[in-house]
Amino acid sequence: MNKQKEEILNIDSLVVSKGDQLAIMGPSGSGKTTLLRLLSGLVLPASGTIQLLGEELTCKTEKERDEFRGRNIGMVFQEFQLFPAMTAVENVLVQQLANSSLDKKYAKEKAVSLLRELGLEKRLQNRVMQLSRGEQQRVAIARALLNNPQILLVDEPTSNLDIKTGIHIMNQIQDISRTNGTTLITVTHDVHIANGFTRMITMEEINKSYSGVLKEVLR
Ligand SMILES: Nc1ncnc2c1ncn2[C@@H]1O[C@H](COP(=O)(O)OP(=O)(O)OP(=O)(O)O)[C@@H](O)[C@H]1O
Ligand SMILES: [Mg+2]
């Protein structure tokens, strides 16, 4: 990815079944965010293939990948990527732009009900910049869930949150995913969070490139 063409991710194979709840653990710099960016089609691997929902992501153009993501994938970014001056509801509805098939009135009702479900009923019309980090995190989660995605990718759901709030938010994501049959992939460095998942793997196990770096350091 970078100018020196340094290899940061080298994965032989990673298979996730439909409806699985997978936690991927690893320290800072082990390639967690990069992996989620690949899985969402935001970037392409230098070699190899990525198959999602029976389709080959790596054969698609950028436009096709954007469209595929809008239809099938919900993403909660590490830095949320919300619009600070817009309200909580408006931020969730931004996702509607990615999926024009969603009826406007239905989308608004769904946005409000998701935010309520996530405990933000008193913050619906607050600008995001006035919200706490935990509240902003939940707005980002509601946005990712608006389209009933088949796959939900979550990056560090609990960074900067206290353990109790973090686990509570993670439980909510898991419950909603289970109800909707959504495949959930979360990356985290927090063992408390990873414990609640049906399956857990570490970046050290799957990223050959990262263990190489570790060996260098340890030598
Ligand atoms: N766009 C990019 N160009 C070049 N190098 C990058 C890019 N994005 C990430 N990297 C490098 O790739 C490695 C993995 O980064 P990544 O963000 O995936 O780590 P991470 O596991 O998510 O870390 P953290 O827990 O700190 O979020 C790092 O060494 C980083 O410097
Ligand atoms: Mg990261």
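Predicted model: local features only at pLDDT ≥ 70, side-chain atom pairs only at ≥ 80, totals over all residues.

User: Which protein atoms are the donors of the magnesium ion (ligand 2)?

Analyst: A donor is an N, O or S atom within 2.8 Å of this metal. Here Thr33 contributes OG1 and Gln78 contributes OE1, at 2.0 to 2.4 Å from the magnesium ion. The two residues are 45 apart in the chain: Thr33 belongs to helix H1 (residues 32–39), and Gln78 to the loop between strand E4 (73–76) and helix H3 (88–97).

User: Is Thr33 buried, partly exposed or exposed?

Analyst: Thr33 is partly exposed, because its relative accessibility is 28%. Gln78 is likewise partly exposed, at 28%.

User: Where is Asn147 found, and what does its side chain reach?

Analyst: Asn147 sits in the loop between helix H5 (133–145) and strand E5 (151–155). Asn147 counts as buried because its relative accessible area is 11%, under the 20% cut-off. Its side chain reaches the backbone oxygen of Gly70 at 3.1 Å.

User: Which residues touch the most other members of the largest nonpolar core?

Analyst: In soluble globular proteins, nonpolar side chains tend to be buried together. In this model the largest core has 38 residues, and Leu115, Val139 and Ile173 touch the most other members. Helix H5 supplies the largest share, 6 residues. Beyond four places in sequence, the residues that Val139 touches include Leu82, Val92, Leu115 and Leu131. Another core, of 21 residues, lies apart from this one, with Val43, Leu57, Ile151 and Met203 among its members.

Terms used: Residues numbered from 1 in each chain as written. Chains lettered and ligands numbered in written order. Heavy atoms only, no water. Donors = N, O, S within 2.8 Å, 3.2 Å for Na, K, Ca; no water. Helix = DSSP H or I, 4+ residues; strand = E, 2+ residues; numbered from the N terminus. Buried < 20%, exposed > 50% of the residue type's maximum accessible area, 1.4 Å probe, protein only. Polar contact = N/O pair within 3.5 Å; in protein donor to acceptor, adjacent residues only side chain to side chain. Core = buried A, V, L, I, M, F, W, Y, C linked by side-chain atoms within 4.5 Å. Contact = heavy atoms within 4.5 Å.
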